[in-house]
Amino acid sequence: MLRRLQQAMVTGEYLMLYMDPDDTGKFCYGRVLAADEDFVALYLIAPDGAYDGLLVKETDSVQRIKFGGQYDAKMRKLMQGIQLPDRRWEAGCGSIAAQLLSMAARHGWVASVEFRDSGTNDAVGLVTAVNGETAELTLIDEYGYGDGACLFRMDSVTQVACDGGEERAIRRLWQANSGQ
């Protein structure tokens, strides 16, 4: 799997990645931005062909990869004429998950973080620090209000999502509530 993910990273090929053991028909569509033995970073495309944010998942969670075929052809048609944002991977120190959190901090993106395969967004907010073994978020609730802060160990992270539709909505609400 890792070799195929790294190959797609080099070619820019779009893939369907199946990563949910409880729903084997569920997949995400996008291209690989970074991949190693621990994590894979994806540039996601929504079912309507629009950009849907960046996602980092554990590489071991990838159960199946599909490429080409009718779904890929459909998505390519839907993506035509849509201005997809340029999101280049900004490699840095630490794990791929830490690198995405660092990107979120630099760009002011809201990040959603899952810990220990919980299946939920355990912490959502603006990244204020990524320091090797730990990271910190200013927490923001679903209504765009501050809800304290969260310091966590990077080795507990199993997923990071940022700049997707939900995160962009929370960011807009945060800005509106903060008078920005």
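Student: What makes β3 and β4 a hairpin, and which residue in the turn has a positive phi?

Tutor: The two strands form a hairpin with 5 residues between them, and Gly-49 in the turn has a positive phi of about 90°. The model is predicted, so local features need pLDDT of at least 70 and side-chain atom pairs 80 or more, while totals for chains, interfaces and linings use all residues. Residues are numbered from 1 along each chain, and side-chain values use heavy atoms, without hydrogens and water.

Student: How do you know that β3 and β4 pair?

Tutor: Strands (E runs of at least two residues in DSSP, numbered from the N terminus) pair if DSSP finds at least two bridges between them. β3 and β4 are joined by 6 bridges and run antiparallel, so they meet that definition. Val-40 has Lys-57 in β4 as its bridge partner.

Student: What joins β4 to β10?

Tutor: They pair in the antiparallel sense over 4 bridges. Leu-55 has Ala-161 in β10 as its bridge partner.

Student: Why is β4 called mostly covered?

Tutor: Buried means under 20% relative accessible area, exposed over 50%, and partly exposed in between, with a 1.4 Å probe and protein chains only. In β4, 6 of its 8 residues are buried.

Student: Which element gives the most to the lining of the largest pocket?

Tutor: That is β4, with 5 residues. The lining has 35 residues, and Leu-55 and Lys-57 are among those nearest the pocket's centre.

Terms used:
On a 1 Å grid over the protein atoms alone, a cavity is a set of points where a 1.4 Å probe fits but cannot get out, and a pocket is an open set with protein on both sides within 12 Å along at least five of seven lines; lining residues have an atom within 4 Å of a point.
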